[in-house]
Amino acid sequence: MYFGVDYYPEHWPRDEWEAQADLMKEGNFNIVRMGEFAWKIFEKQEGKFDFSLLDDAIEILAKRGIKTILGTPTAAPPKWLNDNYDILQRDKYGRKKEWGSRRECCANSTDYIEKSRIIVDEMAKHYKDNSNVVAWQIDNEFGCHGSTRCYCEQCRREFASWLKEKYGTIENLNAKWGSVFWSLDYDSFDEVILPAYNACEGTFGDLWSHNPGLDLEYHRFSSDSWVKYQKMQIDIIKKYTDAPVTHNLMGHFSDIDYYDLSKDLDFVSWDNYPDNQWGGSDYEYVSMAHEIMRGVKDKNFVVMEEQSGPAGWDVLGRTPKPGQLRLWTYQSIAHGAEGMVYFRFRTALFGMEQYWYGVLDHDGVPRRRFYELQQTGKELQALEQYIVGAKNNYDALLVKSYDNTWGHDIKRHNHKYNYEGHLYSYYKANRRHNVGMAVSRGDYEKYKAVYMPAYNIVEDDEIAKLEKYVENGGVLVLTFRSGTRDTFNRVRSLAVPGVFAKLAGIEVEEFDSLRDTEVAVTGSFEGKARLWCDIINPVTAKTICTYDSEYYKGKAAVTVNSYGKGKVFYVGCDLDDAAMEKFVELVSKEAGIEIINAPTGVEVIKRGDCTILLNHNAEAVDVKGLAEGKALIGGSDFTGKLEAFGVEFVAK
Ligand code: GAL
């Protein structure tokens, strides 16, 4: 398996490379990723190519048995490209995103596309027969720094043809979007605007109110633009080599449809920073990010940048504690990683990321973090058969939909509501119970329970698929704000929960978008709603919980309906963490899903007949009874103890 580092030879004097490569070998690293920001080195002047720096670095590393993943350098355009061509994005106010950092280019700029095509072609041609280049990474983190959507003239023109292709006639577009509202009908596709700054300020600072059809389509178009830009690069590389191609995605990031983006990739990779300048993440949140990354292709992935030190651009996050880098590595692996690459080998002395610490500090002297990863690398070699190609036992599915993320973002329903957060509350409760939960879409039949929170934009063919799943015995969970919109982001002329009314066996009579009120929920479990209350009239469904305050006291809050051989739960409100855990217990029982109660902060993951245990606590814990058998890392029978930040693979 890949166990490596992100490496920037261009940041270090040539006479230090050999010693750095020796140290990598000593650290048990067998792969580096290089090149992804070095366009100016490869093409100092337009049309003058020079890959000698990279050739030398690849060679020096290869002599130590370290292979290379090559990044195409298109995230960092050189100055000549900026000065001679029109490549820059425009923001919502029409301002240029000036050159001087990275990721400022527009995916629809014909100049940027053409110059990217040329550099990628030159690189692929140059390295096609180099057996030390074992994989390619396209560009770097599409969408990073808020760069998914651009508002330039080229985007406007491309958007017009994208719409024409989709809608056929402008009359059709007007009808689907309801452009009649506020006199917004268009006479031709060329008239269609981009949803930029306008007179109508929205509730959330950076948003302006536009026609919801326009807004949603612009999200889709912008996402498609990067998918297409990436495909252009992949096609070039594939002309020359069979080496697998990836891109480094960003976990929870939702501006680009990662199902679409990963379709053209041989494998997904992603960048994981659990604790940095912008805060520390709960372990459940990190686990979910890994599962999203596994779910987009339903396939194991590589972590292409794993945090390896204290991290920040100008202020710093916490320093990973002894054992934490190892734990984060095993957490990644437990949720589907089969390759680990750490960002970055040695901390930069200059540039924007001077304080984004790597495996080595500025002075390049190996210390605690280096030795911890060295040990981890050694352990992993012995575990390979439980990692590469291995798959967890998944009982439940959490459906993740980019259309719905965008739809909920455009109309956020409640000040405190956030769709991604709502999905996370369901993931977290399942993780706390150690339910094997995939985060993906489709293929409902593979799971005993399917959670589909706030699934609001529903494609027509999805409805029949879900009905079939439940009819055949599946357990489905629906929540408030579900089923009421179509693919054009129009509200359906139906009572809530719209297309799911029959499945859920209810009708929502009224709802209450809460402000500073807590509404008590009582019945099969107790809890509090703080965002939203659907006031439910059960039709064929049974009531599980009712509200215990407000004018709807006594009315149904949570219901369950029998449908064919299956069951449909409907949760009309948000729930606090404790109530959510109780609810997940109910669903799991109904679906025949095993719940594993472990000490707080301990994750249990089942993989075939192997149990993976992760202790996220800074203290040792007793986990007797959770797994019995051979401790594959410890080497003897499992003692039932996990050290602080300890991990174990226990095989029967
Ligand atoms: C990632 C990026 C890296 C580096 C790192 C630390 O988002 O891919 O190039 O910038 O963050 O900031």
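**Legends to the views of the predicted model**

The mean positions of the 79 positive and 100 negative charges of the chain lie 1 Å apart. The model shown in every view is predicted.

**View 1. Overall fold of the chain, with 17 helices and 30 strands.** The radius of gyration is 26 Å, close to the 26 Å that the globule rule gives for 652 residues, so the chain is as compact as a globular protein of that length. Taken along the principal axes, the box filled by the C-alpha atoms is roughly 75 × 70 × 40 Å.

**View 2. Burial and surface of the chain.** Of the 652 residues, 60% count as buried. The accessible surface comes to about 25,500 Å². Carbon and sulfur atoms account for 48% of this surface.

**View 3. Contacts across the sequence.** Contacts between residues at least 6 apart in sequence are considered here. Of these contacts, 71% join residues at least 24 apart.

**View 4. An open sheet of 4 strands, in the order 25-26-30-28.** The pairing in this sheet is antiparallel. Its edge strands are strand 25, residues 602-607, and strand 28, residues 630-631. Each of these edge strands pairs on one side only.

View 5. Strand 30 spans residues 647-651. Strand 28 pairs with strand 30 in the antiparallel sense, over 2 bridges. Within this view, Ala-631 stands opposite Val-650 of strand 30.

How values were computed:
Residues numbered from 1 in each chain as written. Predicted model: local features only at pLDDT ≥ 70, side-chain atom pairs only at ≥ 80, totals over all residues. Heavy atoms only, no water. Rg over C-alpha atoms; globule rule 2.2 N^0.38 Å. Buried < 20%, exposed > 50% of the residue type's maximum accessible area, 1.4 Å probe, protein only. Contact = heavy atoms within 4.5 Å. Areas by Shrake-Rupley, 256 points an atom, 1.4 Å probe, with all protein chains shown as cover. Lys, Arg positive; Asp, Glu negative; His and termini not counted. Charge placed at Lys NZ, Arg CZ, Asp CG, Glu CD. Pairing = 2+ DSSP bridges.
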